[in-house]
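Open the model in your viewer and keep the selection tool at hand. We will go from stop to stop, picking residues as we go.

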Amino acid sequence: MFTIAVDVMGGDYAPEEPVLGIAEALRKHADLKIIAFGDKESIESILSGVRYPAERLEIRHTDEVIGTAESPVVAVRKKRSSSLVSAIRAVADGTADSCLSAGNSGAVLVAAQAYIKRIPGVRRTPLGPLIPTLKGPAILVDCGANVDARAEHLHAFAKLGSAYLEHICGIKAPRVALVNIGAEEEKGNKLVKETFPLLKADKHLNFIGSVEARDLLAGEAQVIVCDAFVGNVALKLVEGMLSMMKNLFRQAVYSSTRAKLGGMLLKKDLKKVLDTFDISEYGGAPLLGLEGLVVKCHGNARRQEVATACTQSLTFLEQDMNTVMKQRMEESNE
């Protein structure tokens, strides 16, 4: 039995969507217990009439909520009893095995690094979301935690991302690439030029060189390494493009009677393709390199993404990924 602490007050559709998401996760996983941090009255109201195993859900009332526009450092310091900080502290004190939140990204990062120790050898902890590609999932590290990273930080991101793909996705020797403006080794800014030789010299990494933004979804690179500024821009662009593709598919199918008939014939195949490129199907972004697991969902996460993130967290815990990452960092330093 694993326990996940969930900040149900975080996100654009809180508390309803996170609460319904954890109810779905509890129905799906018999080995899951959830502690929901938030307004107890609101949580119980949402759950009234919803079928779920109540014996595996604990509700802990919190009065404070950290808003999306608040200063992360100030909010975490002043609102220690908020739903977000309380959920992360539950991991730090051993009450829960992992934490999940769709709330203020900066506050999640600040609180996680304030209360949970880092794995030895990890100086910066990156967010590593999975993204869809033509050849299966890839991990994008970092996508929002370290805007001012150094070369040694990106080197560590590559190690953590590789370990994650190998043990969570079952991809042996995942291909590692550095986001750049060209494939040539001499191209790029100072950070890229300093990182490239570190990745190239690491015998524990399957480094294939640089990858341009237009090739991110082609699938040649499975561990995509960059600083948080580049990664966040890339992630938001990918999300927007995939959303546009889905809308264009739907518009095309309903554009005429003939198209509708064709759409009916291809309905199952089209749904399969659209689901493959649905970001919400990949869950949240784990904060890699911590002694405990913290997963950040999109701010606009709906119940399906929350439920998927719970499944993702369970897989992470079952595979004992923190131990795996510790070992990977130790091996690479030998």
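Patches are made of residues with over 30% relative accessible area and no salt bridge; like charges are joined within 9 Å, and nonpolar side chains (Val, Leu, Ile, Met, Phe, Trp, Tyr) within 5 Å. Accessible areas come from the Shrake-Rupley method with a 1.4 Å probe, and for residues only the protein chains shown count as cover.

This is a predicted model: local features need pLDDT of at least 70, side-chain atom pairs count only at pLDDT 80 or more, and totals for chains, interfaces and linings use all residues. Residues are numbered from 1 along each chain as its sequence is written, and side-chain values use heavy atoms, with hydrogens and water left out.

**Stop 1: the whole chain**

Show the protein chain as a cartoon. It has 12 helices and 11 strands. Helices (H or I, at least four residues) and strands (E, at least two) are DSSP runs, numbered from the N terminus. The radius of gyration is 20 Å, close to the 20 Å that the globule rule gives for 334 residues, so the protein chain is as compact as a globular protein of that length. That radius is taken over C-alpha atoms, and the rule is 2.2 Å times the number of residues to the power 0.38. Along the principal axes, the C-alpha atoms fill a box of roughly 60 × 60 × 35 Å. Buried residues make up 52% of the 334 residues. Buried means under 20% relative accessible area, exposed over 50%, and partly exposed in between (1.4 Å probe, protein chains only).

**Stop 2**

Select Met-241, Met-244, Met-245, Leu-248 and Phe-249. They form a nonpolar surface patch with about 410 Å² of accessible area together. Leu-248 sits in helix α8 (residues 228-253). Its relative accessibility is 46%, so Leu-248 counts as partly exposed.

Now pick Arg-77, Lys-78, Arg-80 and Arg-89. These residues form a positive surface patch. Lys and Arg count as positive and Asp and Glu as negative; His and the chain ends are not counted. The place of a charge is NZ of Lys, CZ of Arg, CG of Asp or CD of Glu. Arg-77 belongs to helix α3 (residues 72-78).

**Stop 3: salt bridges**

How many salt bridges does the structure hold? There are 11. A salt bridge is a side-chain nitrogen of Lys or Arg within 4 Å of a carboxyl oxygen of Asp or Glu.

Select Lys-135 and Glu-220. Their side chains meet in a salt bridge at 2.3 Å, N to O. The pair links distant parts of the chain, 85 residues apart: Lys-135 is in the loop between β5 (130-133) and β6 (136-141), and Glu-220 is in the loop between β8 (206-211) and β9 (223-225).

Next, select Arg-328 and Glu-166. The closest N and O atoms of this salt bridge are 3.0 Å apart. Arg-328 lies in helix α12 (residues 321-332) and Glu-166 in helix α6 (residues 151-168), 162 residues apart. Is Arg-328 buried or exposed? Arg-328 is buried, with a relative accessible area of 11%. Glu-166 is partly exposed, at 26%.

Move on to Lys-200 and Glu-185. Here the salt bridge spans 3.3 Å, N to O. Lys-200 lies in helix α7 (residues 190-201) and Glu-185 in the loop between β7 (175-179) and α7, so the pair ties together parts 15 residues apart in sequence. Lys-200 counts as exposed at 53% relative accessibility.

Finish with Lys-33, Glu-58 and Arg-60. Salt bridges that share partners join these residues into one network.
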